[in-house]
Amino acid sequence: MLKFKLLLWMMPKLMQRAINTKPACARYGAGKNLEFPIQMLDKIGRYFRIQDGRVTSFAGLTKA
């Protein structure tokens, strides 16, 4: 459980680093609005938003 929470905490930082350092990844995320959740069976998780080349992470689950 702790490893999963650590992974969820690190994931947006690693995605932002990839966008900043890899041109192909930056081109893929440019001008797109992506939102996706990652959760366990017991409803613990986070959702991530990639918007205009920025990665943000939020606790909980998406509304939609």
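Predicted model: local features only at pLDDT ≥ 70, side-chain atom pairs only at ≥ 80, totals over all residues.
A residue counts as buried when its relative accessible area is under 20%, and as exposed when that area is over 50%.

Is Q16 buried or exposed? Its relative accessibility is 10%, so Q16 counts as buried. Leaving aside residues up to four places away in sequence, Q16 touches G53, R54 and V55. Of the chain as a whole, with its 64 residues, 20% count as buried.

Now let us step back and look at the layout. The chain has 2 helices and 3 strands, and reading along the sequence gives the pattern α-α-β-β-β. Along its principal axes, the C-alpha trace spans about 35 × 25 × 15 Å. The accessible surface comes to about 4900 Å², and carbon and sulfur atoms account for 62% of that. Contacts along the chain can be sorted by sequence separation too: among those between residues at least 6 apart, 36% join residues at least 24 apart.

Next, the strands. Strand β1 covers residues 33-39 and runs antiparallel to β2, with 7 bridges joining the two. Within this pairing, P37 stands opposite Y47 of β2. The two strands form a hairpin with 5 residues between them, and in the turn K43 has a positive phi of about 65°.

Strand β2 also has a partner in β3: these two pair in the antiparallel sense over 6 bridges. Here F48 stands opposite S57 in β3. This second hairpin has 2 residues between its strands. Which residue in this hairpin takes a positive phi? It is D52, with a value near 55°, and D52 is a residue other than glycine. D52 lies in the loop between β2 and β3, the latter being residues 54-59. With a relative accessible area of 55%, which is over 50%, D52 is therefore exposed. Q16, by comparison, is buried at 10%.

As for the side chains along such strands, there is a general rule to remember. In a regular strand, side chains alternate between the two faces of the sheet.

Which residues make up the largest nonpolar core? There are 7 of them: F4, L8, M15, I19, F48, I50 and V55. Helix α1, residues 2-21, and strand β2, residues 45-51, each supply at least two residues of this core. The helix α1 gives the most, with 4 residues. You have already met F48, the residue opposite S57, and V55, one of the residues touched by Q16; both are members of this core.

Not counting residues up to four places away in sequence, I19 touches C25, A26, I50, G53 and V55.

Finally, a word on the aromatic rings. A search of the whole structure finds 2 aromatic pairs.

Definitions and conventions
Residues numbered from 1 in each chain as written. Heavy atoms only, no water. Core = buried A, V, L, I, M, F, W, Y, C linked by side-chain atoms within 4.5 Å. Buried < 20%, exposed > 50% of the residue type's maximum accessible area, 1.4 Å probe, protein only. Contact = heavy atoms within 4.5 Å. Pairing = 2+ DSSP bridges. Phe/Tyr/Trp six-rings, centres within 6.5 Å; stacked < 30°, edge-to-face > 60°. Areas by Shrake-Rupley, 256 points an atom, 1.4 Å probe, with all protein chains shown as cover.
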